[in-house]
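Please look through the sequence and the structure shown here before reading on.

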Amino acid sequence: MNGRVIGLISGKGGVGKTSMCVNIGVGLKQLGKEVTLVDADFSASNLGVHLGRYDHPVKMQDVLHEEAEPSSAIFRHPTGLKAITASNEIHEVEPDLSLLRDVLEEAGKESDYVLVDCPPGLNSTVEKVMEACDELIIVTMPTQTAGINAAQIVEKAKQRHQAVLGTIVNKMDNNPETELVEREVEMMTESDVLAKVPYDQKMKESLFHNTPLLVYDPISEAAMEIRKLSHALEGQQYTEPRFAAIKRKLIRLKEKIKR
Ligand SMILES: Nc1ncnc2c1ncn2[C@@H]1O[C@H](COP(=O)(O)OP(=O)(O)OP(=O)(O)O)[C@@H](O)[C@H]1O
Ligand SMILES: [Mg+2]
């Protein structure tokens, strides 16, 4: 295989890169694709937390420092995803990235997709991680500040002639009075909006339970939008499960009564 190496990148922190990386991955896995997630956010690595506090002994830094083979760092998660997590040790926050591209290519040999959880910001580490990816998906929120940071990343990518697939606008409230709308994000970033993921309490809940949203609550609105994007990456049309909205309402009502 020669898997696509796609970086999930944002400029601004906390917009949902890791959440998107994990859940797009689950969506692709559910389509029968082989997916490897790679944590390249070395200063605040938390892919392992999103995957259920998975603690695999061989980390990304071990591979980058040639202390381990990439194959020994890859582990299989119960969702069927494969992953390489990163160490949180303070002395490991700035690993030598000269082997990063080789590691991603190695991961791509046995995967259809390698999804790279990029670090936030726009510094030399972020640039090196960007460079090691074939394609980028920008993750942003419908705020001016996030939009500006996303636009900076797109500009940087364009300077490097790097493919930008488009932008995910995450945590949308669907309130044009107080947030950027799709067209504004597209104008700011000069890229297509690939998905508009609503602000969804279920996303927070799923992280609290260390379970990807697409597994924790597959008919939540955010889960369905992310699944649609996974389908789009595969060139497939997504059809919502029948009566999803009614089922969701009933489930939420039951949850309220329980409380
Ligand atoms: N659509 C959403 N609705 C509600 N909460 C969300 C949504 N997406 C992400 N979150 C929450 O926002 C927080 C940050 O998400 P996440 O860790 O994925 O961001 P990040 O961009 O990877 O952050 P960092 O830059 O720190 O790595 C988490 O608590 C997550 O559960
Ligand atoms: Mg993250």
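This is a predicted model: local features need pLDDT of at least 70, side-chain atom pairs count only at pLDDT 80 or more; totals for chains, interfaces and linings use all residues.

## Terms and numbering

Helices (H or I, at least four residues) and strands (E, at least two) are DSSP runs, and they are numbered from the N terminus.

Residues are numbered from 1 along each chain as its sequence is written, and chains are lettered from A and ligands numbered from 1 in the order in which they are written.

## The surroundings of ligand 1

Ligand 1 is surrounded by 20 residues, of which the closest are Gly13, Gly16, Lys17, Thr18 and Ser19; a residue is near a molecule if its C-beta atom, placed from the backbone, lies within 6 Å of it. Two or more residues of this shell come from each of helix H1 (17-30), strand S7 (163-172) and helix H9 (201-208).

Sorted by class, the shell around ligand 1 holds eight nonpolar, seven polar and five charged residues. Here Ala, Val, Leu, Ile, Met, Phe, Trp, Tyr, Cys and Pro count as nonpolar, Asp, Glu, Lys and Arg as charged, and the others, Gly among them, as polar.

## Helix H1

Because 13 of the 14 residues of H1 are buried, the helix is largely enclosed by the rest of the structure. A residue is called buried if 20 or more other C-beta atoms lie within 10 Å of its own, exposed if 12 or fewer do, and partly exposed in between, with the C-beta atoms placed from the backbone. After H1 comes Gly32, whose phi is positive, near 90°.

## Helices H5 and H6

Helix H5 (residues 100-108) packs with helix H6 (residues 124-132) at an angle of about 35°, and their axes are 9 Å apart. Axes are lines fitted to C-alpha atoms, for helices over the stretch in contact, and angles run from 0 to 180 degrees between N-to-C directions.

From H5, Leu100, Arg101 and Leu104 meet Lys128, Val129 and Ala132 of H6, where two residues are in contact if their C-beta atoms, placed from the backbone, lie within 7 Å. By class, this contact of H5 with H6 has four nonpolar, no polar and two charged residues.

Helix H11 (residues 221-233) has 13 residues, and it reaches 19 Å from its first C-alpha to its last, close to the 18 Å expected at 1.5 Å a residue. Its buried residues include Ala222, Met224, Ile226 and Leu229, and the buried residues of H11 pack against H1, S7, strand S8 (193-198), H9, helix H10 (213-216) and helix H12 (244-258). Ala232, which is also in helix H11, is partly exposed, with 16 other C-beta atoms within 10 Å.

Just after H11, Gly235 takes a positive phi of about 70°. In the loop between H11 and H12 lies Pro241, which counts as exposed, with 12 C-beta neighbours inside 10 Å. The C-alpha atoms of Pro241 and Ile219 are separated by 7.8 Å, although these residues are 22 residues apart along the chain. Phe243 also has its place in the loop between H11 and H12, and it has a positive phi of about 60° although it is not a glycine.

## Two further loop residues

Asn174, in the loop between S7 and helix H8 (182-189), has a positive phi of about 60° although it is not a glycine. With 11 other C-beta atoms within 10 Å, Asn174 is exposed.

Glu94 counts as exposed, with 11 C-beta neighbours inside 10 Å. Not counting residues up to four places away in sequence, Glu94 touches Phe42 and Thr125, and its C-alpha atom is separated by 9.1 Å from that of Gln61, which lies 33 residues apart from Glu94 along the chain.

Note on methods. The expected span of a helix is 1.5 Å times one less than its number of residues.
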